Amino acid sequence: MKDQADTPLPPTELLVCVKCRRGRATVADDERWPGQMLFDALAALPVPEEIRLTPVACLQNCDQGCTVALRGGDRWTYVFANLDEVADPAMLLDGAARYHATENGLIPWRERPEHFKRNCVARIPPLEVPNV
(Lines give C-alpha, C1' and ligand atoms only; values in the text may rest on other atoms or scores of the structure.)
Protein backbone atom coordinates (compact mmCIF):
# COMPACT_ATOMS: atom_id res chain seq x y z
CA MET A 1 0.00 0.00 0.00
CA LYS A 2 1.34 3.41 -0.95
CA ASP A 3 2.05 5.84 1.87
CA GLN A 4 0.17 9.17 1.57
CA ALA A 5 3.49 11.00 2.08
CA ASP A 6 4.76 9.35 -1.13
CA THR A 7 1.82 10.64 -3.17
CA PRO A 8 2.78 13.86 -4.94
CA LEU A 9 0.52 16.82 -4.36
CA PRO A 10 -1.47 18.00 -7.39
CA PRO A 11 -0.09 21.10 -9.09
CA THR A 12 -1.01 24.53 -7.81
CA GLU A 13 -2.41 27.05 -10.24
CA LEU A 14 -1.73 30.74 -9.68
CA LEU A 15 -4.36 32.63 -11.67
CA VAL A 16 -3.43 36.26 -12.35
CA CYS A 17 -6.00 38.75 -13.59
CA VAL A 18 -4.17 40.50 -16.42
CA LYS A 19 -6.99 43.03 -16.84
CA CYS A 20 -6.77 44.35 -13.26
CA ARG A 21 -6.56 48.09 -13.47
CA ARG A 22 -6.49 49.20 -9.84
CA GLY A 23 -9.38 51.63 -10.32
CA ARG A 24 -8.08 53.22 -13.52
CA ALA A 25 -10.62 53.87 -16.25
CA THR A 26 -8.07 53.55 -19.07
CA VAL A 27 -4.39 53.19 -19.80
CA ALA A 28 -2.38 54.83 -22.56
CA ASP A 29 -1.94 52.89 -25.81
CA ASP A 30 1.71 52.22 -24.97
CA GLU A 31 1.00 51.16 -21.37
CA ARG A 32 0.02 47.80 -19.87
CA TRP A 33 -2.66 47.23 -17.23
CA PRO A 34 -1.23 46.76 -13.70
CA GLY A 35 -2.49 43.14 -13.74
CA GLN A 36 -0.54 42.41 -16.92
CA MET A 37 2.54 43.99 -15.35
CA LEU A 38 2.10 41.69 -12.31
CA PHE A 39 1.81 38.63 -14.54
CA ASP A 40 4.90 39.68 -16.53
CA ALA A 41 6.89 40.28 -13.33
CA LEU A 42 5.91 36.82 -12.01
CA ALA A 43 6.80 35.18 -15.32
CA ALA A 44 10.25 36.82 -15.20
CA LEU A 45 10.99 35.14 -11.84
CA PRO A 46 11.92 31.48 -11.38
CA VAL A 47 8.46 29.94 -10.89
CA PRO A 48 8.62 26.60 -9.02
CA GLU A 49 7.87 23.62 -11.26
CA GLU A 50 4.81 22.60 -9.24
CA ILE A 51 3.16 26.01 -9.74
CA ARG A 52 1.40 26.86 -12.99
CA LEU A 53 1.20 30.56 -13.71
CA THR A 54 -2.01 31.25 -15.64
CA PRO A 55 -3.26 34.58 -17.01
CA VAL A 56 -7.02 35.16 -16.84
CA ALA A 57 -9.07 37.92 -18.44
CA CYS A 58 -10.95 39.10 -15.34
CA LEU A 59 -11.55 38.12 -11.73
CA GLN A 60 -14.22 40.84 -11.25
CA ASN A 61 -12.35 42.70 -8.51
CA CYS A 62 -11.24 45.71 -10.54
CA ASP A 63 -11.19 48.38 -7.84
CA GLN A 64 -9.13 46.34 -5.36
CA GLY A 65 -5.72 46.44 -7.00
CA CYS A 66 -4.25 43.43 -8.72
CA THR A 67 -6.09 40.21 -7.92
CA VAL A 68 -4.98 36.57 -8.05
CA ALA A 69 -6.39 33.17 -7.11
CA LEU A 70 -4.64 30.04 -5.85
CA ARG A 71 -6.20 26.63 -6.50
CA GLY A 72 -5.24 23.03 -7.00
CA GLY A 73 -6.55 19.52 -6.46
CA ASP A 74 -8.82 19.04 -3.46
CA ARG A 75 -7.56 22.20 -1.77
CA TRP A 76 -9.44 25.30 -0.75
CA THR A 77 -9.21 28.09 -3.36
CA TYR A 78 -8.12 31.54 -2.23
CA VAL A 79 -8.59 34.92 -3.91
CA PHE A 80 -6.19 37.71 -2.88
CA ALA A 81 -6.34 41.40 -3.86
CA ASN A 82 -4.48 44.67 -3.44
CA LEU A 83 -1.31 43.25 -4.92
CA ASP A 84 1.33 45.60 -6.25
CA GLU A 85 2.91 44.60 -9.54
CA VAL A 86 6.35 45.90 -8.47
CA ALA A 87 6.57 45.08 -4.75
CA ASP A 88 4.68 41.78 -4.45
CA PRO A 89 5.74 39.18 -7.07
CA ALA A 90 8.37 37.42 -4.89
CA MET A 91 6.02 37.40 -1.87
CA LEU A 92 3.26 35.99 -4.08
CA LEU A 93 5.44 33.12 -5.32
CA ASP A 94 6.51 32.38 -1.73
CA GLY A 95 2.85 32.26 -0.69
CA ALA A 96 2.00 30.02 -3.64
CA ALA A 97 4.79 27.62 -2.63
CA ARG A 98 3.48 27.55 0.95
CA TYR A 99 -0.04 26.89 -0.38
CA HIS A 100 1.27 24.09 -2.59
CA ALA A 101 2.98 22.42 0.38
CA THR A 102 -0.41 21.89 2.07
CA GLU A 103 -2.77 19.02 1.34
CA ASN A 104 -5.89 21.16 1.88
CA GLY A 105 -4.73 24.67 0.91
CA LEU A 106 -4.92 25.97 4.48
CA ILE A 107 -1.58 27.63 5.21
CA PRO A 108 -1.11 27.90 8.99
CA TRP A 109 -1.84 31.50 10.02
CA ARG A 110 1.67 32.21 11.35
CA GLU A 111 3.25 30.93 8.13
CA ARG A 112 1.15 33.05 5.76
CA PRO A 113 2.69 36.08 4.13
CA GLU A 114 1.37 39.18 5.90
CA HIS A 115 -0.33 40.29 2.69
CA PHE A 116 -2.32 37.04 2.56
CA LYS A 117 -3.58 37.64 6.11
CA ARG A 118 -4.93 41.11 5.32
CA ASN A 119 -6.08 40.89 1.69
CA CYS A 120 -8.07 37.69 1.28
CA VAL A 121 -11.18 38.41 -0.79
CA ALA A 122 -12.59 34.88 -0.70
CA ARG A 123 -11.89 31.36 0.47
CA ILE A 124 -13.79 28.80 -1.58
CA PRO A 125 -14.15 25.19 -0.43
CA PRO A 126 -13.03 22.30 -2.59
CA LEU A 127 -15.67 20.45 -4.61
CA GLU A 128 -15.54 17.58 -2.12
CA VAL A 129 -15.70 19.16 1.33
CA PRO A 130 -14.35 16.77 3.98
CA ASN A 131 -16.57 15.99 6.96
CA VAL A 132 -15.67 18.19 9.90
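This is a predicted model: local features need pLDDT of at least 70, side-chain atom pairs count only at pLDDT 80 or more; totals for chains, interfaces and linings use all residues.
Trainee: Are Asp40 and Arg32 buried, exposed or partly exposed?

Mentor: Partly exposed covers the range between the buried and exposed cut-offs, 20% and 50% relative accessible area. Asp40 has 28% relative accessibility, so this residue counts as partly exposed. Arg32 is partly exposed too, at 40%.

Trainee: How many salt bridges are there by this rule?

Mentor: The count comes to 5. One of them pairs Glu13 with Arg71, with the closest N and O atoms 2.8 Å apart. Glu13 sits in strand E1 and Arg71 in strand E3, so this pair ties together parts 58 residues apart in sequence. Glu13 counts as buried at 13% relative accessibility. Arg71 counts as partly exposed at 37%.

Trainee: Which helix holds Asp94 and Arg98?

Mentor: Helix H2, residues 89-100. Asp94 and Arg98 form a salt bridge, 2.9 Å between the closest N and O atoms. They are 4 residues apart, so about one helical turn separates them. Elsewhere, salt bridges with shared partners join Glu114, Lys117 and Arg118 into one network.

Trainee: Back to strand E3. Is Thr67 buried or exposed?

Mentor: Buried, because its relative accessible area is 1%. Thr67 lies in strand E3, residues 66-71. Beyond four places away in sequence, Thr67 touches several residues, among them Leu15, Cys17, Cys20, Leu59 and Phe80.

Trainee: Which backbone oxygen lies 3.4 Å from a polar atom of the Thr67 side chain?

Mentor: That of Gly65.

Technical notes: Residues are numbered from 1 along each chain as its sequence is written. Side-chain values use heavy atoms; hydrogens and water are left out. Helices (H or I, at least four residues) and strands (E, at least two) are DSSP runs, numbered from the N terminus. Buried means under 20% relative accessible area, exposed over 50%, partly exposed in between (1.4 Å probe, protein chains only). A polar contact is a pair of N or O atoms within 3.5 Å; within protein, one must be able to donate a hydrogen and the other to accept it, and residues adjacent in sequence count only if both atoms are side-chain atoms. Contact means heavy atoms within 4.5 Å. A salt bridge is a side-chain nitrogen of Lys or Arg within 4 Å of a carboxyl oxygen of Asp or Glu.
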